[in-house]
Amino acid sequence: MTFSSENILLILSVLIFSSIIISKAGYRFGLPSLLLFLVAGMLFGVDGLGLQFDNVKQAQFIGMCSLCVILFSGGMETKISEIRPVLAPGLVLSTLGVVLTTVFTGLFIYVLSIWDYCPISLPFVTCLLLAATMSSTDSASVFNVLRTSKMRLKANLQPMLELESGSNDPMAFILTIILIQLANSLTGGAVSGGPDTWGVVSDAFTTLLLQFGVGVLGGVVFGYACVWFLRRIGLDNAPLYAILLLSVMFFSYTTTTYLSGNGYLAVYIAGIIIGNKSIPYKKDILSFFDGMTWLVQIIMFLILGLLVNPHEMMKTAPVALLIGLFMILVARPLSVYIGLAPFRKISAASKTFISWVGLRGAAPILFATYPVVENVEGAELIFNIVFFITLLSLVLQGSSITAAAKMLKLNDETPDEEVNTFGVEIPEEAGKLVEITLTEEALLHGRTLKEIRLPEGMLVMMIKRDGKFIVPNGTVELKAGDRLLIISDASNA
């Protein structure tokens, strides 16, 4: 069975419906939903129900579009106030951490390659290329696992992990592209009399500077320009703002890429800037992108699941298992501890947890398609090994993150006073909503609203007690455990 214009909608709808049902069942066993979407794609593929999909370029395009949405949405939900304290260690992890992971893992793969009993034999540059494709943590997996687990972490760990996963894809992408060029140059050099080493190094350095420099500049320019435009366009229909923002996101990616910058980095930075500014219908826009993120994640993981041939992947399973365990248990921890060595305030427990949340996912599989498209020697082997390690990471690490946080005593069990249990939203320019839970100490001076002294400019809008809502007035008797929804005016927000 193959995709065609007549059955593509039918096949896609069945795939999405089935994968969601499968993920619902698997969630009860603590398995990440994204892992189950991958498995669903494999079940429907050539070794399963026989659905044939082998167009790597189409999968790459779908993955590129999906990753843009995921990074942009993740950036919009990232608060600058939360990432500012962890900005330095987060950026170290997303740059130096990626390089160190590539080097350590690449050296291990090369050792395996020259070992007589190992079934693979790859040149040193190809070993580094294999390591580079899976050197970054996957933003889709990290965002999904941390946010759906409803777990709060101590020591600003969640914003640090989300910052790392959102900003380290560009570094892994750059390394992948540079090593592909180097691998092809060395292959071509063997025929023409030797590669131009200095030329390759110079091109690699230029590529690195352009990718980061233009990527950062593009993200800042498009982010602030978009905020300025959204505040002035004055559309009458709220959904149009979200659609407009979607078009700006893709325009940012393509323009930055056209100018030799890293489009993923530009999209993520633009998302952070836009998400931390006051724009019209912000709640509706965030809801739209939340739904879009789920949709593209499902489609991307399904397509990548369809792309792999499990029987071919299993041929590389023993060596892939060795590489995966080395990356998870040795390369990632070494990279984290070395990279975070200057940050003495980060505890050993926190570093250990950061090491464990080195989730691989769709991004490494997507990056592994680039050697296939560029006809790098050993590309099919790279793809199958990366896919197996992604499955291993999602099963081993993704299903144990909550348990690891509890074991290391990093889960924060203090009540979160700003969780919106009322479901009420107001425009940002109108003020700020805050929720508090009353205690017996708060009621020592009186049990009615008129006896409780609130700061000037603050007003209680609603009371929630035992799941029921009470319209406040001066005579309502308050009790310990009541949740108050308070609005403060814009000057105090």
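# Close-up views of a predicted model

Figure 1. Strands of a sheet pair through backbone hydrogen bonds, in either a parallel or an antiparallel manner.

**Figure 2. The pairing of β2 with β3.** Strand β2, which covers residues 458-465, is joined to β3 by 3 bridges, and the two strands run antiparallel. Lysine 464 has its bridge partner in β3, namely phenylalanine 469.

**Figure 3. The salt bridge between glutamate 435 and arginine 483.** The side chains of glutamate 435 and arginine 483 meet at 3.0 Å, N to O, in a salt bridge. Glutamate 435 belongs to strand β1 and arginine 483 to strand β4 (residues 483-488), so this pair ties together parts that lie 48 residues apart in sequence. Glutamate 435 counts as buried because its relative accessibility is 4%, and buried means under 20%. Arginine 483, at 16% relative accessibility, also counts as buried.

**Figure 4. The salt bridge between arginine 332 and glutamate 164.** The structure holds 4 salt bridges. In one of them, the side chains of arginine 332 and glutamate 164 meet at 2.7 Å, N to O. Helix α15 (residues 317-339) contains arginine 332 and helix α8 (residues 157-167) contains glutamate 164, so the pair ties together parts that are 168 residues apart in sequence. Both arginine 332 and glutamate 164 are buried.

**Figure 5. The salt bridge between arginine 447 and glutamate 440.** Side chains of opposite charge can pair when their charged atoms come close. Here the side chains of arginine 447 and glutamate 440 meet in a salt bridge of 2.9 Å, N to O. Arginine 447 has a relative accessibility of 32% and therefore counts as partly exposed. Glutamate 440 is likewise partly exposed, its relative accessible area being 43%.

Figure 6. Rolling a probe the size of a water molecule over the atoms shows where empty space is left. The count comes to 1 cavity of 30 Å³ or more, and the largest cavity holds about 40 Å³ of space. Its lining consists of Leu93, Gly97, Val98, Thr101, Ser135, Ser136, Thr137, Glu164, Asn168, Arg332, Ser335 and Val336. The elements that give two or more residues to this lining are α5 and α15; the largest share, 4 residues, comes from α5. By class, the lining of the largest cavity divides into 3 nonpolar, 7 polar and 2 charged residues. Arginine 332 and glutamate 164, whose side chains meet in a salt bridge, are both among the lining residues of this cavity.

**Figure 7. The second largest pocket.** The second largest pocket contains about 380 Å³ of space. It is lined by 19 residues, of which Ile83, Leu87, Leu163, Ile269 and Ile272 are the closest to its centre. At least two residues of the lining are supplied by each of α4 (80-83), α5 (87-114), α8, α10 (197-233) and α12 (263-275). Helix α12 provides the largest share of the lining, with 5 residues. The lining of the second largest pocket comprises 13 nonpolar, 4 polar and 2 charged residues.

**Figure 8. Valine 216 and glycine 263.** Valine 216 is located in helix α10. With a relative accessible area of 36%, valine 216 is partly exposed. Valine 216 and glycine 263 are 47 residues apart in sequence, and their C-alpha atoms are 9.2 Å apart in space.

Figure 9. The buried residues of α6 are Val125, Thr126, Cys127, Leu128, Leu129, Leu130, Ala131, Ala132 and Thr133. An α-helix has 3.6 residues a turn, so residues three or four places apart point the same way.

Conventions:
Residues are numbered from 1 along each chain as its sequence is written. This is a predicted model: local features need pLDDT of at least 70, side-chain atom pairs count only at pLDDT 80 or more; totals for chains, interfaces and linings use all residues. Side-chain values use heavy atoms; hydrogens and water are left out. Two strands pair if DSSP finds at least two bridges between them. Buried means under 20% relative accessible area, exposed over 50%, partly exposed in between (1.4 Å probe, protein chains only). On a 1 Å grid over the protein atoms alone, a cavity is a set of points where a 1.4 Å probe fits but cannot get out, and a pocket is an open set with protein on both sides within 12 Å along at least five of seven lines; lining residues have an atom within 4 Å of a point. Grid points are joined across faces, edges and corners, and a volume is the space filled by probe spheres set on the points. Ala, Val, Leu, Ile, Met, Phe, Trp, Tyr, Cys and Pro count as nonpolar, Asp, Glu, Lys and Arg as charged, and the others, Gly among them, as polar.
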